[in-house]
Amino acid sequence: MSDPKENRRVKKILIVEDEPTIAAALQDDLELEGYEVEVARDGATGATRALARTHDLILLDVMLPQKDGFSVCRELRAAGLGTPIIMLTAKGQEVDKVVGLELGADDYVTKPFSPRELMARIKAVLRRADGSHESERVQQPLQICEFGNVKVDFGRCQAWREGKELDLTAMELRLLGAFLARPSRVLSLDELIEQAWGADVFLSDHVVYTHINNLRRKIEADPSHPRHLITVRGMGYRFDPEPNLNSA
């Protein structure tokens, strides 16, 4: 069994959780796995620490004093912080999960959760952030790609539309990379999950829909009538780098 501390830098995780028993249990479990852990007990403190210090992952509760988790997530992404975020929600309502994903969260876990499930989610998100699924995911396409009025530099993890930089999340860049590696081919939801998230990740279809819609809003001039990221009903999505504008 591999030790997270062997042959690699110790990963740092920020827990933003106001319930002392949950925060303490999370901290104990993570430290036993070899992670370095920091805890913030309210949203305002969590946002400040996330922006002031370097972390590999943030566990962010939704219901927090001073500033809720949605506001914290929005603030961090608006500030350009790309650290992976897993949101913890007790509500379990689909709308809360969708809101978190739309704000830039990478995953969510509903309370009460299994410690084993949460640890698996954490490890999967960290592997994706490290790019260690490269053997399971499609290799990124050319370092610099252009389509329509969009330019993407995968080496620098940056993208622009009409010369204006886009605030693409790491997950949106991975999705875009999967599409650009297979232009004009229909990709099913299962293929997209395997290419962008990893072969060992199980997600609801709605998670994929949400990330696709977020990406579409950023790269398309008119997201309601997309030119590049096309829905193929009952099959998945097709990416057209150079769409035929004369087609129906």
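Which residue in S8 is the bridge partner of Lys-151? In this predicted model, the bridge partner of Lys-151 in S8 is Trp-160, and that contact belongs to an antiparallel pairing in which strand S7 (residues 150–153) and strand S8 (residues 158–161) are joined over four bridges.

## Hairpins of S7, S8 and S9

Strands S7 and S8 form a hairpin with four residues between them, and in its turn Cys-157 has a positive phi of about 55°. Strand S8 also pairs in the antiparallel sense with strand S9 (residues 164–166), here over three bridges, and within this pairing Ala-159 stands opposite Leu-166 in S9. The hairpin of S8 and S9 has two residues between the strands, and Glu-162 takes a positive phi near 55° there.

## The parallel sheet

Elsewhere, five strands form an open sheet with parallel pairing, and their order is S2-S1-S3-S4-S5. Strand S2 (36–40) and strand S5 (107–110) stand at the edges of this sheet with a single partner strand each, so one side of each is left without a neighbour in the sheet. From one strand to the next, the twist averages 20°. Within the sheet, strand S3 (residues 57–61) and strand S4 (residues 85–89) run parallel and are joined by four bridges; in this pairing, the bridge partner of Leu-59 is Ile-86 in S4.

## Aromatic pairs

A pair of aromatic rings is described by the distance of the centres and the angle of the planes. The structure holds two aromatic pairs, and they are set out below.

| Pair | Centre to centre | Angle between planes | Arrangement |
|---|---|---|---|
| Phe-147 and Phe-239 | 5.0 Å | 85° | edge-to-face |
| Phe-179 and Phe-239 | 5.9 Å | 25° | stacked |

The planes of Phe-147 and Phe-239 stand at 85°, so the pair is edge-to-face, given that an angle over 60 degrees is what this class requires. This pair links distant parts of the chain, since Phe-147 lies in strand S6 (residues 144–147) and Phe-239 in strand S12 (residues 236–239), 92 residues apart. Phe-147 and Phe-239 are both buried.

The rings of Phe-179 and Phe-239, with 25° between their planes, form a stacked pair. This second pair likewise links distant parts of the chain, with Phe-179 in helix H6 (residues 170–181) and Phe-239 in strand S12, 60 residues apart. Phe-179 and Phe-239 are both buried. Taken together, the ring pairs link Phe-147, Phe-179 and Phe-239 into a cluster.

## Phe-70 and the cysteines

Phe-70 has its place in helix H3 (residues 69–78). Its relative accessible area is 14%, and Phe-70 is therefore buried, the cut-off for that class being under 20%. The C-alpha atom of Phe-70 is separated by 9.2 Å from that of Ala-105, a residue 35 positions away along the chain.

Two cysteines can be described in the same terms of accessibility. Cys-73 counts as buried because its relative accessibility is 0%, and Cys-145 counts as buried because its relative accessibility is 10%. A disulfide is a covalent bond between the sulfur atoms of two cysteines. With a cut-off of 2.5 Å between cysteine sulfur atoms, the count comes to zero disulfides.

Key: Residues numbered from 1 in each chain as written. Predicted model: local features only at pLDDT ≥ 70, side-chain atom pairs only at ≥ 80, totals over all residues. Heavy atoms only, no water. Phe/Tyr/Trp six-rings, centres within 6.5 Å; stacked < 30°, edge-to-face > 60°. Buried < 20%, exposed > 50% of the residue type's maximum accessible area, 1.4 Å probe, protein only. Pairing = 2+ DSSP bridges. Axes fitted to C-alpha atoms, helices over the stretch in contact; angles between N-to-C directions.
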